[in-house]
Amino acid sequence: MIYNSPRGTEDYFGEEIRYRDFLAEVSKKLFKIFNYSEIITPHFEHTEVFSRGIGENSEIVQKEMFTFFDKKNRSLTLRPEGTASVVRAIVENKLYSENLPLKLFYIGSMFRYERPQKGRMREFCQIGVESAGSDSPAIDTEVIWLLYELFRKLGFKNLTLYINNIGCPECRVEYVKMLEGQLLPVKDRLCDDCNARLGKNTLRVFDCKVKTCREVLKDVVKISDNLCKKCLKHFNEVVSLLDVLGIDYIHNKNLVRGFDYYTRTIFEIISSDIDSAQNALGGGGRYDNLIKEFGGPELSSVGFAIGLERTILLMRQLGIKVPDSGVSSDKTYIINMDPSCGRYVFEIMGYLRNHGICCDINFNIKSVGKEIKLAQDKGYDNVIIIGEDEYRKKSIKIKKLKNYSQEEFDWESEKEKILNFLGSME
Ligand code: HAM
């Protein structure tokens, strides 16, 4: 019986792991510089956390959740995103009694039942931040800055940052009425999905990729032209601080995002190098009412998440390389030719591994010729051959497999030289 991994999931190994590690390392370091600390929440939650948090009428809740019943018939859902889980954790653990704003980051798998394609998976990893407890526009800018800086640190150059303001519950209600007033008379020109969105999730029509819908939407009123005074002031301050930081952005009046929790600022970072619908590398926004809706105090919040696989896909497509992990890239194979040398070989291997040299030994003794051939086939750079003679003299012979040069060292007195010869990174 040959099994395949479930549709929309993948196994990761080899080079891909180096990219994943690098991304996690760079983000964690940057988050700590921006004074964020890590939070780990469960991979599944009670279904209401997402249905109430993200919004009953959102596409994610309607179509994309992996929901199941446990043995006690409780409805649980694999998390489709991190924000609702983090909010649940903030409220449950009363994390808001600490200094505000609370700045948290997370890295982990999310699950969405979407139609898989390049850059769109059913299990994918998000790296995200949530900052709770300030309604200052400065924190929106700081979060956007962090997102921007992360991609800059990863080596990206041609990214576009879209920003919009979708108002607060007060001004949005008025606006949505106005929008529906304009769309209802032309509903025949809208696709079935957009017709279904009308009245339930009207703003999401702006996400539609269907040409005729896009034509209609060109001429309708936009939310950012109908903001209340407070929302407009907020937006102007966010972008003026982005100007101070020299961060380029485009005010995209059609930008809406798929979560009901957003208020005011929303943003997305897009790569013009990806020619597909899956070109959003990350996105986020402000959510001022979610913590209260989860039973906590009124804590305005803002955050973002990026998709790890999509980011790596693009890095590889653009030829962005990741540096070595700090372990020497040169690999050394220690060939033990005599069972009585076992302790000596382990002493050598212990020392080399403690000093960051990637090495291994032959656990089964064959002939020297066979072992060297094996070392070559497995891509080792150096071999160290230990036999009775070397053990007696307490020496080691190192052979470079590229040019077959060979040197002998005294084990007790020449450890530094040995490390250098083997290509230590220290
Ligand atoms: P989102 O835009 O749904 O936002 O997801 C953020 C990123 O996750 C996307 O830009 C994309 O790179 C990646 N992503 C989403 N779905 C998939 C998928 N099926 N396969 C591969 N990658 C995917 C959120 O999830 C919000 N919780 C972000 C946020 C945090 N807003 C406020 N705080």
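Which residues form a nonpolar patch on the surface, and about how much accessible area do they have together?

A: The patch consists of Trp145, Leu241, Val244 and Leu245. Together they have about 350 Å² of accessible area (Shrake-Rupley, 1.4 Å probe, only the protein chains shown counting as cover for residues). Patch members have over 30% relative accessible area and no salt bridge; nonpolar side chains (Val, Leu, Ile, Met, Phe, Trp, Tyr) are joined within 5 Å, like charges within 9 Å. This is a predicted model: local features need pLDDT of at least 70, side-chain atom pairs need 80 or more, and totals for chains, interfaces and linings use all residues. Residues are numbered from 1 along each chain as its sequence is written, and side-chain values use heavy atoms, without hydrogens or water.

Start with Trp145. Trp145 sits in helix H5, residues 137-153 (helices are DSSP runs of H or I, at least four residues; strands are E runs, at least two; both are numbered from the N terminus). Its relative accessibility is 32%, which means that Trp145 counts as partly exposed (buried is under 20%, exposed over 50%, partly exposed in between; 1.4 Å probe, protein chains only).

Stay on H5. Arg152 and Glu149 are 3 residues apart in this helix, so about one helical turn separates them. Their side chains meet in a salt bridge, 2.8 Å from N to O (a side-chain nitrogen of Lys or Arg within 4 Å of a carboxyl oxygen of Asp or Glu). The two partners differ in cover. Arg152 has a relative accessible area of 49% and is partly exposed. Glu149 has 12% and is buried.

Side chains of opposite charge can pair when their charged atoms come close. The whole structure holds 29 salt bridges. One of them joins Arg20 and Glu309, 3.2 Å from N to O. This pair links distant parts of the chain. Arg20 belongs to helix H1 (residues 15-33), while Glu309 belongs to helix H11 (residues 308-317), 289 residues apart. Arg20 and Glu309 are both buried. Lys415 forms a salt bridge with Glu412, and their closest N and O atoms are 3.9 Å apart. Lys415 is buried too, at a relative accessible area of 19%. A network of salt bridges ties together Glu45, Arg88 and Glu92.

Next, Tyr249. Tyr249 lies in the loop between helix H9 (229-244) and strand E8. Its relative accessibility of 26% makes Tyr249 partly exposed.

Beyond E8 comes Arg264. Arg264 is in the loop between strand E8 (250-251) and strand E9 (265-271). Most residues other than glycine have a negative phi, and most peptide bonds are trans. Arg264 is not a glycine, yet its phi is positive, about 55°. Arg264 is buried, with a relative accessible area of 13%. Lys394 also has a positive phi, near 50°. Its place is the loop between helix H14 (388-393) and strand E15 (395-400). Lys394 is partly exposed, at 27%. The peptide bond between Leu100 and Pro101 is cis, with omega about 0°. Pro101 lies in the loop between helix H4 (83-92) and strand E5 (102-111).

Last, the ligand. Its shell has 28 residues, among which Glu81, Glu114, Met121, Glu130 and Tyr262 come nearest (a shell residue has a heavy atom within 4 Å of the ligand). The shell divides into 12 nonpolar, 9 polar and 7 charged residues (Ala, Val, Leu, Ile, Met, Phe, Trp, Tyr, Cys and Pro are nonpolar here; Asp, Glu, Lys and Arg charged; the others, Gly among them, polar). Strands E6 (123-132), E10 (280-287) and E11 (301-307) each supply at least two shell residues. E10 gives the most, with 7.

A polar side-chain atom of Glu81 lies 2.5 Å from a nitrogen atom of the ligand. For Glu130, a polar side-chain atom is 2.8 Å from a ligand nitrogen. Leu281 uses its backbone: a polar atom there is 3.0 Å from a ligand oxygen. Taken alone, the ligand exposes 660 Å², and the protein buries 96% of that.

Technical notes: Polar contact = N/O pair within 3.5 Å; in protein donor to acceptor, adjacent residues only side chain to side chain.
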